[in-house]
Amino acid sequence: PISNWTNTTKQIIFVALVAGMKAIHDAHVIHRDFKPGNILLDSALRPHIIDFGLAKILDPTNSVKMTQELGTQPYMAPELWEGDDYEFPVDVYAFGITIYELLCGKRAYAKFCMRNIMNNIRPKFIDFKCPPAFQRLISKCWDQSPDHRYTFEQLFNEVLTNPELILPEVDVKEYRQ
């Protein structure tokens, strides 16, 4: 269980997921169903993003948007409930929820009924037990407005340059491998 993972393991998973999603978006792919269930951990607890069954490849020269409301409901960005098109920020939103669950060790919507989610009534973070820099990063990913969310390029740069985004008690030697 996540509660038994060290902060070093969580840090490695966090950074690998940022890098993986950046690579996916750099290839003009929207995953559209990013969630913990679509992250496979190998025997060394290194993450691998899986299940691209709902993914879409976008032609960067032709911005035809995706209009189907697909994905797993608690991880779907609020704009999708309003009928907006799929764009890259939907993966960032799902990433924010996933990282919240990774760092806090619990579901973001455990105490919140699905009907509220479907009506776009989203909770604020409850019992946020991670350093303030992570709180700010996750909150920006989970922002209700797609224009206010990070891109994975920005996230990747933030993770590589902000020393506050290293969890307490991380074994830096193991983390940097």
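How many cavities of 30 Å³ or more does the count come to? The count comes to 1 cavity. The model shown in these views is predicted.

**View 1. The largest cavity and its lining.** The largest cavity has a volume of about 70 Å³. Its lining is made up of 14 residues. Those nearest the centre of the cavity are Arg 32, Tyr 75, Met 76, Val 90 and Ala 94. By type, the lining residues divide into 9 nonpolar, 2 polar and 3 charged. Helix H3, which spans residues 89-104, gives the most to this lining, with 3 residues.

**View 2. His 25 and its contacts.** His 25 is found in helix H1, residues 7-26. The relative accessibility of His 25 is 11%, so this residue counts as buried, the cut-off being under 20%. When neighbours within four places in sequence are left aside, His 25 is in contact with Phe 88, Asp 91 and Phe 152.

**View 3. The salt bridge between Lys 22 and Glu 153.** The structure holds 4 salt bridges. In one of these, the side chains of Lys 22 and Glu 153 meet, at 3.3 Å from N to O. Lys 22 lies in helix H1 and Glu 153 in helix H6 (residues 152-161), so the pair ties together parts that are 131 residues apart in sequence. Lys 22 is buried, with a relative accessible area of 15%. Glu 153, at 37% relative accessibility, counts as partly exposed.

**View 4. The salt bridge between Lys 35 and Asp 33.** The side chains of Lys 35 and Asp 33 meet in a salt bridge, with an N to O distance of 3.8 Å. Both Lys 35 and Asp 33 are buried.

**View 5. The salt bridge between Glu 164 and Arg 136.** In the salt bridge that Glu 164 forms with Arg 136, the closest N and O atoms are 3.2 Å apart. This pair links distant parts of the chain, 28 residues apart. Glu 164 is in the loop between H6 and helix H7 (172-175), while Arg 136 is in helix H5 (residues 132-141). At 47% relative accessibility, Glu 164 counts as partly exposed.

Definitions and conventions. Residues are numbered from 1 along each chain as its sequence is written. This is a predicted model: local features need pLDDT of at least 70, side-chain atom pairs count only at pLDDT 80 or more; totals for chains, interfaces and linings use all residues. Side-chain values use heavy atoms; hydrogens and water are left out. On a 1 Å grid over the protein atoms alone, a cavity is a set of points where a 1.4 Å probe fits but cannot get out, and a pocket is an open set with protein on both sides within 12 Å along at least five of seven lines; lining residues have an atom within 4 Å of a point. Grid points are joined across faces, edges and corners, and a volume is the space filled by probe spheres set on the points. Helices (H or I, at least four residues) and strands (E, at least two) are DSSP runs, numbered from the N terminus. Ala, Val, Leu, Ile, Met, Phe, Trp, Tyr, Cys and Pro count as nonpolar, Asp, Glu, Lys and Arg as charged, and the others, Gly among them, as polar. Buried means under 20% relative accessible area, exposed over 50%, partly exposed in between (1.4 Å probe, protein chains only). Contact means heavy atoms within 4.5 Å.
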